[in-house]
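The conventions are stated where they are first needed.

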Amino acid sequence: MRHGSYAWDERTVFRPHDGSWMLDLVELCYVRLSLPTRVPLPKVFIFASVFFFVQLLEHTDFIFCLLYFAFLILTAVAFNLGDGFTRLSGAYVFWYSLLIVIVGVTWKAVIGEPGETNLYSPLLDMSLYVASMMMLALVALVNKKVDVRGMGLGGGFSVGELNYTSAGLGCCVLGVGIMQAQVLFGQAPGGIVSALVQINVFPPLGIILSTIGAIKDSGGRRASNYINICAMSYMFYYGLIGFSKQGMFTPYVCWLVGAFYARLKIRPIHIITTGVFWFIAFSFLAPLSLARDLVEGVWDPTVRLEIIGYQLTHWTQFKAHVADLNQEMVAMDGGGSYYSTPQSSLIQRLSMISPDDALLTYSAKGHFEGIEPVLQYFANDLPHFILPNKQITFSGNYYDHEMGRGLAADDTSTGISFSPVAEAYHCEGWGGIFWLLPLLWILLFTSSDFVVGDMTKYPWGLLVVVWFAHSAPETMLGGMIYFVGYGNFGMLFAIIVVTRFAPIIGTLFGGKAVPHVTSPMRRLPALSRS
């Protein structure tokens, strides 16, 4: 482990020989979290080589193993070229590779199944993933050379000493206010409330900022305060009654990103609570997000909570219902699943290989959309007063109907996800991989860097990192284009609010924050391992 992962605690002790109070270095503390900036290529090569032979022993096709080996190496190269989590491009590479390919293929090996089984076109799929990662590495390099972070708008609005706790509280108050305005006044297209809802990033940003504030105020020992606890509970509640996986998991991801950014010192309580959360996530939250049919037509939050409570107290019945839903999803996918043995719904949803495979196989038979979906996505970035009759034709649901995979003819509301690779290939074939995706990635990274500025100096870029966790693997090309427009505008608006108004609002609602006084922390340049 690198010396940079350690921190030394300076404790005040009394020295009797001179009668003075001094700072004395007395103990090595728990490891502090830190956002990774690079992965060592030799270690990645060793892991990929071992995994290659493990796959061969499990009778995975040799070419598939070779392609996955190349994907892992290219992922490490792209992550390093993107400077890891210090840049938005590096964060994108992490989520893109992990949640499209790596989790799925790795878990197949863990349970002893050949990697290419239950796929229609496994070699085509993996070839496209490898090609896309090669292009993503080139885009990361170009983005690094054409660095616009120093000219970032976010840096121009920054303040010398931001009170993270007050700013976090102010963001939470604004976020809740916008959500309640939507309930009270509705969301008419082109109206003020509709515009605010489109750019309402304040609840997750409030969690991130208040988490950073809690860690800084406590000298790295505490990662929670009443602000982020209330905000996380509020977001989780709405995700729970909405049966939304994203809504239930986002608060935790925001807390985790803030904890890494502020370099939280890990304590046993953090390990225990994280373990408990993931146990609940796998055992109940992910299956619950699949069982939205239980509350179809039910809008009363109290009734929805009663339904959730009933499922908890009738666990066997709930598991049987979720198992039936999984079978229906398998049938919709054309009668197959990526895994030969039943897996938890969360494991199945942490990989895009299976849905991508269906669309890629369909496209390879000559069914290409052309550039029209991309043009429509850009048109939808225009506000209603400019383009009042915007059309939303292309979506995952639309492509699923095209393939005839099992959706009812009149079902236009069921959300179906594909990765950007799948839609890019469905639009322009291999050209979608070699020119369409790179152009959109350059546009996304450059515009985001210009808006948020240097992420090592300003924390609001962390919100984009959280957004990438959802958008990079499963919002197709439209998700990137949406963020280039509404996402960046929302971030700019949020930066202005955070630096100019949120601390004032936070002070009005919570009073003047008084940091928790702790012993100062000093980093040593090197530690002896002897």
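## Conventions

Angles under 35 degrees count as roughly parallel, those over 145 as roughly antiparallel, those from 65 to 115 as roughly perpendicular, and the rest as oblique. Helices (H or I, at least four residues) and strands (E, at least two) are DSSP runs, numbered from the N terminus.

The model is predicted: local features need pLDDT of at least 70 and side-chain atom pairs count only at pLDDT 80 or more, whereas totals for chains, interfaces and linings use all residues. Residues are numbered from 1 along each chain as its sequence is written, and side-chain values use heavy atoms, with hydrogens and water left out.

## Packing of α4 and α15

Helix α4 (residues 122-145) and helix α15 (residues 353-364) have axes that come within 9 Å and cross at roughly 100°; the axes are lines fitted to C-alpha atoms over the stretch in contact, with angles running from 0 to 180 degrees between N-to-C directions. The two helices α4 and α15 are therefore roughly perpendicular to each other.

In this pairing, P122, L124, D125, L128 and Y129 of α4 meet I353, D356, D357, L360 and A364 of α15, contact meaning heavy atoms within 4.5 Å. The contact comprises seven nonpolar, no polar and three charged residues. Here Ala, Val, Leu, Ile, Met, Phe, Trp, Tyr, Cys and Pro count as nonpolar, Asp, Glu, Lys and Arg as charged, and the others, Gly among them, as polar.

## Overall content

The protein has 22 helices and three strands. Among contacts between residues at least 6 apart in sequence, 78% join residues at least 24 apart.
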